[in-house]
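The structure is shown below.

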Amino acid sequence: MMVKKDKIWVNKETRQSVLVLWVSDELVTYQAADSQTPVPVRKTKFLNDYEELL
């Protein structure tokens, strides 16, 4: 699955939505709606923990 910038994703467990701010080959940076701090994570972990909101 492809991760694209400016798309909304949802945590599979908590159902918290996040906005993807930046994507590279190995990293994804996202920000939760209730947070002002961007969070960088490995792309593989992001894909395991989140699903795209359609």
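## Order of elements

From the N terminus on, the elements of the protein chain follow the order β-β-β-β-α-β, with 1 helix and 5 strands. Helices (H or I, at least four residues) and strands (E, at least two) are DSSP runs, numbered from the N terminus.

The model is predicted: local features need pLDDT of at least 70, side-chain atom pairs count only at pLDDT 80 or more, and totals for chains, interfaces and linings use all residues. Residues are numbered from 1 along each chain as its sequence is written, and side-chain values use heavy atoms, with hydrogens and water left out.

## Dimensions and burial

The C-alpha atoms of the protein chain occupy a box of roughly 25 × 20 × 15 Å along the principal axes. Of its 54 residues, 24% are buried, meaning under 20% relative accessible area with a 1.4 Å probe, protein chains only.

## Aromatic cluster

The whole structure contains 4 aromatic pairs. Rings of Phe, Tyr and Trp (its six-membered ring) pair if their centres lie within 6.5 Å; planes under 30 degrees apart count as stacked, over 60 as edge-to-face and the rest as tilted. Tyr30 and Phe46 form a tilted pair, at 5.7 Å centre to centre and 40° between the planes. Tyr30 belongs to strand S3 (residues 27-32) and Phe46 to helix H1 (residues 43-49), so this pair ties together parts 16 residues apart in sequence.

Phe46 is buried at 1% relative accessibility. The ring centres of Phe46 and Tyr50 are 4.8 Å apart with planes at 15°, so that pair is stacked. Tyr50 is buried, at 7% relative accessible area, and Tyr30 is buried at 11% relative accessibility. Ring pairs join Trp9, Tyr30, Phe46 and Tyr50 into a cluster.

Key
Buried means under 20% relative accessible area, exposed over 50%, partly exposed in between (1.4 Å probe, protein chains only).
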